[in-house]
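Reader: Could we go through this model together, a topic at a time? Please define the terms as they come up.

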Amino acid sequence: MAAAPALKHWRTTLERVEKFVSPLYFTDCNLRGRLFGDSCPVAELSSFLTPERLPYQEAVQQDFRPAQVGDSFGPTWWTCWFRVELTIPEAWVGQEVHLRWESDGEGLVWRDGEPVQGLTKEGEKTSYILTDKLGEKDPRSLTLYVEVACNGLLGAGKGSMIAAPDPEKMFQVSRAELAVFHRDVYKLLVDLELLLGIAKGLGEDNQRSFQALYTANQMVNVCDPAQPETFPVAQALASKFFGQRWGESQHTIHAMGHCHIDTAWLWPFKETVRKCARSWVTVVQLMERNPEFIFACSQAQQLEWVRSHYPGLHARLQEFACRGQFVPVGGTWVEMDGNLPSGESMVRQFLQGQNFFCQEFGKMCSEFWLPDTFGYSAQLPQIMRSCGIKRFLTQKLSWNLVNSFPHHTFFWEGLDGSQVLAHFPPGDSYGMQGSVEEVLKTVAKNRDKGRTNHSAFLFGFGDGGGGPTQTMVDRLKRLCNTDGLPRVQLSSPERLFSALEGHSGQLCTWVGELFLELHNGTYTTHAQIKKGNRECERILHDVELLSSLALARSTQFLYPAALLQDLWRLLLLNQFHDVVTGSCIQLVAEEAMCHYEDIRSHGNTLLSAAAAALCAGEPGPEGLLIVNTLPWKRTEVLALPRPGGAHCLALVTVPGMGYAPAPTPTSLQPLPPQQPVFVVQETDGSVTLDNGIIRVRLDPTGRLTSLVLVASGREAIAEGTVGNQFVLFDDVPLYWDAWDVMDYHLETRKPVLGQAGTLAVGTEGGVRGSAWFLLQISPNSRLSQEVVLDVGCPYVRFHTEVHWHEAHKFLKVEFPARVRSPQATYEVQFGHLQRPTHYNTSWDWARFEVWAHRWMDLSEHGFGLALLNDCKYGASVRGNVLSLSLLRAPKSPDATVDMGRHEFTYALMPHKGSFQDAGVIPAAYSLNFPLLALPAPGPAPAAAWSAFSVSSPAVVLETVKQARGGMGRWRVRGGAWCRPHPPLTSLRRRRPAPRAARSCCGSTRPTAVTATAGCTRRCRFKRLSCELGRGVAVGVLPLQGPHGHLLFCSCDLLERRDPTGPLLLRDNRLKLTFAPFQVQSLLLLLQPPPN
């Protein structure tokens, strides 16, 4: 007779089911304890320990020694290879057999010379399927190798995840055995866990919740773990529940497998190579077993590593890409930081990434995938659109500390008005595990209910790799269309965004940057990495320009395309969002610094080679070539090397994007056309520097007491205050040490006071005047600074050297301005934007520390003050105080970060009118792109020569390089008018807003630009950008060298020609029109004569 129904108590019923599936309680009699059946130890276990990351073929030839379960191995970052000899019992014929392996560290199983699966306890992968069903004729004995890295999924932190790695950490094998796997038990466990999730997730007030709980309870009633014949009855109860459907209005969740792997973070770059293999080989298994499973994979660099180190695995990924299951996404070389890389670097991320995906997988990405980056520049929408991408996915703004971002699906509009469709997975994670709780959260948290009925659901272990598991896939398949829950589809990025685009009419638009209200310490942490990034961006810019010009002047010169690609890829690798930000371990930082040194070394060699080619065949004496890599004429003071290691100062004039011969010794000290610099030290120890443009007064300790714009007599320093005031703050965040600086650090401000009498005159005047001083920051840290004013220069420079030995301190320098404005302007990629100087709202004060590139400016009508820098990114303007962040001293995950010697320069520029009218933008460029004095191996040219000139100050000619595809094509990037003298490969021009601009977008008054270039038979690319407003650009090309004729074409940022045809060239001039902040790229095809 059937048991009579009993009154149910919610908690006891729930916990009854929980205990039935528990891995901790009652495993001697519950269902979980029957997941594995008979077992036996491996036949033989031996190991080999090495500090190197050896390839398989080399590792298996080493001397393996006997090992056993319980043995320890290590230390951190070493590798232990295990040879595992297996003998499967005859009695297991017809059953599913697994190798059960549990060890510390990250493991990779090798079978027949190929990687087949990752093994990590943290990633819930502790068994490898030897066979789904052991056949009569299947071999009973086989040999596997397990490669175990001595680090966990998230590194090897000592005491906490983000602590510096423990170099002596040891690891242990805790299980190595063969076992029979009961697939029917596994299916019941998946169903019971889902039913529990529904019961708890929907709550006691929901009818469907009770139905789930009662179904689970009834399954426990009918299921006897010791009697498998009872399992089908229990399975039928679950199938009946999950087979009940809901209506058509259900929210649809697009579940996509994903494995976010930090390219370096709490582990070194080389370990990421193996993380990719361990993760993706497991994904291959899942794709084989689940044809409907789709995996989205970003970061071309990681795929390139797999292609190089695991060619068999790469071939499998290509195979599944053809099937549509393995989907490359993102379009960039790495998931770079969204704030610190320059505009050109961001373009190269897409150029290298999209070309790689196209070459290796047959198509470019249509969505930008950046789930874990610390903010997103307002120029990204334009860059994305011009790189073939109109969709964007991230989730990082869910980490905002103060304000909740108001949307999950919306249009994101950039500086120039470009729009992309943006989606933030409402579950606020890229590492879901397929639980009911996560599925329900995805719908409940969606802030665009009613506007869209589709959401992304990214599942798989991430950050340190691991990826999805079969259990996750099975959970989501079971939830595909169940009453009481949203509809779940195993989907793809294409299906998700197509569904969102189909219902986009009601979506809102967010204009401007996506600012993350957290991790703003990353703008400053690891100052040497930031400096290396800025310097190497400059070096590669200069090498490409000079190599393009050398190509124009010499038919024998070979453009170093392959080497430049390698150097660019190194720089792009370092721009990963945990490297350039400084939020990485010491080992990664050291590798990054080596990458920068490689770029500097090769870059300087390439500069010398290009200079030699430029000088070839020119008349004139041996000497120096003075090169200007910016598109405007410059007259500046330069220290020229002289025999014996001495240097002498000279005032030199060099045309835009060209060169001039160095002054001869007899012409070094002509009377300058401008007023010379006067230096006066008063009896009280103060020093005044005056060049007729600005007058600088320093007090006896080196602080700035006065900065006067001479022509108007306007004082820039606020009354009763001093500038160049160094300040020290306590810097103890809530948790993320290298990442965060909290708002309360502002309450601990302590001015660093110098000692009178330390200020002394350096250079006494003429073409340059300077004063220098020493400052003791603390008992452990000191600073020395030279304050420099050059003839004709509109800004004063502060060359600074710091010996920094602090713990949890933050060093800044402040300049109180005699200016009042509710907004300050900050340079970003290919443009600038404004941020408030007040704390009116929570959105305002959450930006107490922001990022900028080469300059920031505080202006009122008719006057302003700009603060320039050569390698800093952290900044703020609060009220009237401009503050530049210099150094931090966090202790995790790198306990040595920023300790030691630092050199950097910042500059202060008072100006009349707007910053556009006053030339703040070219001044900041000039500070960051110094004139080059390159030795000429033979006769140096006797006359100056210019490759390009730009007719409008509203447009910046950003980049000149050889275009992809090589000979005969140049690419140019920038903005406005462009006039080539020599042939160009590729130009990128960007347009600042025109001088008359008054808003962040600039005025709409047309502007003209002219660029000049010469010619060869190659192709060059040019990029121009507009920073100042709407305008017109004109370029002139007086060509020199063997050539037939020129052909200019528009192209996108991937250097694909515009199908509308060539641009009209009149009188060697090219006329272009720009919208505010627009970036345009041109292809210049240099065609040889018919003969």
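Author: Helices (H or I, at least four residues) and strands (E, at least two) are DSSP runs, numbered from the N terminus. This is a predicted model, in which local features need pLDDT of at least 70, side-chain atom pairs count only at pLDDT 80 or more, and totals for chains, interfaces and linings use all residues. Residues are numbered from 1 along each chain as its sequence is written, and side-chain values use heavy atoms, with hydrogens and water left out.

Reader: Which element gives the most to the lining of the largest cavity?

Author: Helix 6 does, with 4 residues. On a 1 Å grid over the protein atoms alone, a cavity is a set of points where a 1.4 Å probe fits but cannot get out, and a pocket is an open set with protein on both sides within 12 Å along at least five of seven lines; lining residues have an atom within 4 Å of a point.

Reader: What volume does the largest cavity have, and how many residues line it?

Author: Its volume is about 60 Å³, where grid points are joined across faces, edges and corners and a volume is the space filled by probe spheres set on the points. The largest cavity is lined by 14 residues, and G118, T120, R278, S279 and G466 lie nearest its centre. Strand 7 (106–111), strand 8 (114–119) and helix 6 are the elements that give two or more residues to this lining.

Reader: And the second largest pocket: what is its volume?

Author: The second largest pocket has a volume of about 1300 Å³. Its lining has 39 residues, with L35, E124, F181, Y186 and T471 nearest the centre. Helix 3 supplies the largest share of that lining, 7 residues.

Reader: How do the residues of that lining divide?

Author: For the second largest pocket there are 10 nonpolar, 13 polar and 16 charged residues. Here Ala, Val, Leu, Ile, Met, Phe, Trp, Tyr, Cys and Pro count as nonpolar, Asp, Glu, Lys and Arg as charged, and the others, Gly among them, as polar.

Reader: Turning to helix 4, what span should its residues have?

Author: The 16 residues of helix 4 (residues 207–222) should span 22 Å at 1.5 Å a residue, and the end C-alpha atoms are 23 Å apart, which agrees. The expected span is 1.5 Å times one less than the number of residues.

Reader: What caps its N-terminal end?

Author: N206 does, with a side-chain oxygen 2.8 Å from the backbone nitrogen of R208. R208 is also one of the buried residues of helix 4, which include A212, L213 and M219; buried means under 20% relative accessible area, exposed over 50%, partly exposed in between (1.4 Å probe, protein chains only). Helix 1 (10–20), helix 3 (183–202) and helix 5 (231–242) are among what covers those buried residues.

Reader: Now S686: is it buried or exposed?

Author: S686 counts as buried because its relative accessible area is 2%. S686 sits in the loop between strand 26 (677–681) and strand 27 (687–690).

Reader: Which side chains does its own side chain meet in polar contacts?

Author: The side chain of S686 makes a polar contact with that of D684 at 2.7 Å, and another of 3.1 Å joins the side chains of S686 and R697. A polar contact is a pair of N or O atoms within 3.5 Å; within protein, one must be able to donate a hydrogen and the other to accept it, and residues adjacent in sequence count only if both atoms are side-chain atoms.

How values were computed: Contact means heavy atoms within 4.5 Å.
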